[in-house]
Structures are given as C-alpha cells and as structure tokens.
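Colleague: I would like to learn how to read salt bridges in a model. Could we go through some cases?

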Amino acid sequence: MTRDYVEAIRASRLTIYDPIEIGDLALWIPTPELEGILNEALAGISLTGLPIRTRSKVAKVHVCKALGYPVPPSFRKTQPRFVGQLFDTYVQKSNNLQVWNEQLSATRRYVIIRTDESDVICRVKVVTGDELATLDTTGTLTQKYQARLVPKEAKTELVADVDTDRLQPFVQAGANLAETVSPVDHPCAKLILPIAEAFDRLRGLVGKSFRDAGHDQERNRGAALHELVCRELGYADYRDDGRFPDVRQQLLEVKLQTSPTIDLGLVCPNSEAPLDVPKVAGQQIRHCDVRYAIFYAATDGATVTLTHFYLTTGQRFFDRFPQFQGKVLNKKLQIPLPASFFAE
C-alpha cells in the first residue's frame with residue numbers, strides 16, 4: 001500500500017508545492033504510512049561532514065526521492081516546506097527540537113529525522129503539531145485549548161446521542177470489530193459503531209480500577225485505560241500508536257481526567273478542519289466528527305478508579321465542557337524530546 005502512494009505521486013508529476021486534499025485516497029499519505037515510507041527509504045543515509053544548512057537540504061532531497069516527487073532546483077521558503085503533504089523536516093542529532101519564527105500548527109506534520117553520533121540517519125518520526133505540544137515540559141509552550149469538566153450526579157452521560165451528519169451514513173450497529181479491524185486502522189464505512197452503541201459498551205467501565213503508574217507517568221495511565229476501552233469496544237487486541245485520535249478506527253479520542261481541567265492541545269474539538277485519515281466513501285472526516293470518551297477518575301496513589309464517563313462528538317464538546325481561553329505563542333520554541341521519542 002505504501003508503494004502505491006509513491007507510484008501515484010510519481011505518475012501525477014506533482015511537485016512538493018502542489019496542494020493535495022487531505023484524505024485523497026491516491027495522493028495524500030496518512031501519517032503512519034508517511035513515517036513508514038521515510039524510515040524505509042532514509043535509514044542508513046550518511047550526512048557526515050555536512051554543514052547544518054547543507055545537511056537540511058540533502059535530507060529534503062532524499063525525502064523528495066522517497067515520496068516520488070521531483071527534486072526542485074532549490075527549496076522555496078514556504079510554510080510548510082512540503083506544501084503538498086503539509087509537513088516540515090527537521091534533522092536532529094540531539095533531543096532539543098527548535099521551531100523558529102512560527103507557532104506550532106495543530107494539523108501540520110513535523111518530520112523529525114534522527115541521526116546517530118556519526119551523522120547517519122537512524123530513525124524518522126512523523127508527528128502533528130498537536131502531538132508536539134504535549135511533549136513540552138519547560139513551560140515555553142502553552143496549551144492553546146482547554147475546557148473544564150464539572151461532574152454532576154449522573155455517573156455516565158451521553159452528551160451527543162447521535163453522530164455528526166457527516167459521520168452518520170458510515171456507522172453500523174453491531175459492527176464486528178474482533179474479526180475485521182485493529183484499533184489503529186483507518187476508519188472505514190460500516191465498521192464504525194454508532195456513538196450511542198459505543199456509549200453502551202463503555203459505560204460499564206465506571207467503577208473499574210487499574211494500577212496507578214504515578215503523576216509523572218500520564219502516558220502509562222492512559223495506556224491502561226486505552227486497553228480497557230479497546231476490550232470493551234470488542235477488539236481482539238489492544239494497539240495504540242500514540243496518534244490522534246487514540247482509537248483511530250472508531251474515530252475515538254480517550255481522555256483520563258483526575259482533575260477538572262481538560263487539556264486539548266492545539267486542536268479545538270469543534271474544528272471543521274480535515275482530519276489526517278483517508279476519505280470514507282468519498283467524504284473527508286473532520287476534527288468535529290471525532291468522538292471524545294472522557295473518564296473522570298480518583299486515585300489514592302496506588303490505584304486509579306474510574307468514577308464518571310462522558311461521551312460526546314467534537315461538534316458538541318463545548319455544550320457540556322466549557323472552554324477556557326488559552327494563549328498563543330509567537331516566538332522560537334524549544335521542545336525537549338523525551339528519550340523514548342525515537343524508540344517508539
């Protein structure tokens with residue numbers, strides 16, 4: 001499948017500056033596939049001895065070739081540099097990522113190319129601006145969107161009892177997930193549960209508990225919850241590639257809250273911007289079509305217990321969870337990448 005994208009781009013004779021509609025089944029490369037193509041093509045390429053600017057240009061040349069694009073005579077200073085696939089490239093020998101002269105964009109992709117001590121490319125990671133925003137621990141980067149969760153008497157709430165108009169034609173009651181799909185697959189028609197059925201399958205998690213990995217291990221806490229969610233939805237296995245939304249095949253973002261403040265990063269749930277998934281039956285899925293499963297929990301330091309559960313569409317997210325006004329940064333950002341970033 002990844003080779004099909006490259007061949008289609010090569011046959012189209014498009015340049016990196018020609019826009020492509022997000023979700024185009026032939027020409028838009030979804031993020032997981034983009035990362036796979038670049039890892040396969042760039043691993044082992046040496047940038048030894050090259051000045052920083054030359055190193056960056058050479059890396060871009062190899063990226064063009066890997067994706068089937070012609071190499072331009074020179075690289076224009078566009079934002080982003082690869083307009084068609086909506087991404088910028090960064091060559092990193094250290095874990096200190098620097099983004100100059102612009103804000104992080106929630107939907108832009110950031111292709112981060114890691115080199116070893118000998119300046120040989122060893123790993124490529126592709127993340128969105130929203131995913132990068134969650135990695136900042138210095139306080140230099142402020143979450144753009146936040147909301148507030150105020151629990152009420154009801155332990156479970158279905159905030160939106162139907163899916164968005166865009167998504168409704170593609171849902172299927174009783175869809176068999178165990179034998180057909182994985183949680184990290186792209187969504188496809190008739191294998192997406194209606195939001196009301198997803199609510200019924202997940203509401204039984206209230207009262208369940210799992211081991212608390214600690215306040216500094218939010219990702220491990222989240223992984224434990226994601227595994228429970230996948231099981232209750234009916235999947236045969238649990239998978240999580242760290243991308244938005246958490247259960248991509250069901251267009252479901254899962255949030256674990258032990259405090260009332262919901263961090264939403266750079267993505268506004270009710271945004272009508274296109275989501276980085278292939279089109280479903282010719283329709284592009286938007287951020288507002290994503291479903292949000294929010295679990296409120298209590299912890300005693302050893303065990304996390306789920307106390308409340310809410311399910312809503314992004315479109316109606318702020319009907320139940322009031323939005324805070326965040327700050328926008330306009331300066332050079334330095335984001336320390338975690339030691340495990342390139343290992344995952």
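This is a predicted model: local features need pLDDT of at least 70, side-chain atom pairs count only at pLDDT 80 or more; totals for chains, interfaces and linings use all residues.

Modeller: Begin with D276 and R109, whose side chains form a salt bridge at 3.3 Å, N to O. The two residues are 167 apart, so to speak, in distant parts of the chain: R109 lies in strand 3 (residues 109-115), and D276 in the loop between strand 9 (261-265) and strand 10 (291-299).

Colleague: What is the general idea behind such a pair?

Modeller: Side chains of opposite charge can pair when their charged atoms come close.

Colleague: Are D276 and R109 buried or exposed?

Modeller: Both D276 and R109 are buried.

Colleague: How many salt bridges does the structure hold?

Modeller: There are 17 salt bridges in the structure.

Colleague: Which residue does R203 meet in a salt bridge?

Modeller: R203 pairs with D200, at 3.5 Å, N to O.

Colleague: Why does R203 count as partly exposed?

Modeller: Because its relative accessibility is 38%, and partly exposed covers the range between the buried cut-off of 20% and the exposed cut-off of 50%. D200 also counts as partly exposed, because its relative accessibility is 48%.

Colleague: Which residue meets R231 in a salt bridge?

Modeller: The partner of R231 is E232, with 3.4 Å from N to O. E232 has 28% relative accessibility and therefore counts as partly exposed.

Colleague: Which residues are linked in a network of salt bridges?

Modeller: E35, D241, R243 and R248 are joined in such a network.

Conventions. Residues are numbered from 1 along each chain as its sequence is written. Side-chain values use heavy atoms; hydrogens and water are left out. A salt bridge is a side-chain nitrogen of Lys or Arg within 4 Å of a carboxyl oxygen of Asp or Glu. Helices (H or I, at least four residues) and strands (E, at least two) are DSSP runs, numbered from the N terminus. Buried means under 20% relative accessible area, exposed over 50%, partly exposed in between (1.4 Å probe, protein chains only).
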